[in-house]
Amino acid sequence: MPEPTFDHERLDVYRLSIGYVAFSRQIAKSLGGANRQARDQWLRAAQSIPLNIAEGNGKQSLKDKSRYFEIARGSALECASIHDVLCVCDAIDAQSKRHGKSELKRIVSMLTRLIQRTQTV
């Protein structure tokens, strides 16, 4: 029997954001001490991206969809800022920062297009 598939699981941006959660969790395992607060905020923001994409995609109202996609986009931008904070604190290396921000740039771009679509329909 095939595994059930929800509509949000078909969205490329959702799958990309799930990959980003895995990436952030892998790095976060090594963060502690003085970086604990930034790590915890980063994990919450990273998880907020796919959670809000899924919830927004399930809404019937285009206004509601747009609102949740905007929240997901805001969480992705927050993650980008946290990358900068962790890098300046020598908690993550430049390569991890580049990779993470590159993925976030794609996520933000995709969410921006989804938001524009929900506002022009």
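**Close-up 1. His8 in the segment before α1.** His8 lies in the segment that precedes α1; helices are DSSP runs (H or I, at least four residues) numbered from the N terminus. The model is predicted: local features need pLDDT of at least 70 and side-chain atom pairs pLDDT 80 or more, while totals for chains, interfaces and linings use all residues. Numbering starts from 1 along each chain as its sequence is written, and side-chain values use heavy atoms, without hydrogens or water. His8 has a relative accessible area of 16% and is buried (buried, under 20%; exposed, over 50%; partly exposed in between; 1.4 Å probe, protein chains only). Setting aside neighbours within four places in sequence, His8 contacts Tyr14, Ala54 and Asn57 (contact, heavy atoms within 4.5 Å).

**Close-up 2. Arg10 in the segment before α1 (12-28)**. Arg10 is exposed, at 52% relative accessibility. Not counting residues up to four places away in sequence, Arg10 touches Thr5 and Arg15. Its side chain makes a polar contact with the side chain of Asp7 at 2.8 Å (a pair of N or O atoms within 3.5 Å, one able to donate a hydrogen and the other to accept it; residues adjacent in sequence count only if both atoms are side-chain atoms).

**Close-up 3. Helix α2 (residues 36-57) against helix α3 (residues 62-88)**. Their axes come within 8 Å and cross at roughly 160° (lines fitted to C-alpha atoms over the stretch in contact; angles run from 0 to 180 degrees between N-to-C directions). The two helices are therefore roughly antiparallel (over 145 degrees). Among the residues that meet are Trp42 and Ile49 in α2, and Phe69 and Ile82 in α3.

Terms used:
Angles under 35 degrees count as roughly parallel, over 145 as roughly antiparallel, 65 to 115 as roughly perpendicular and the rest as oblique.
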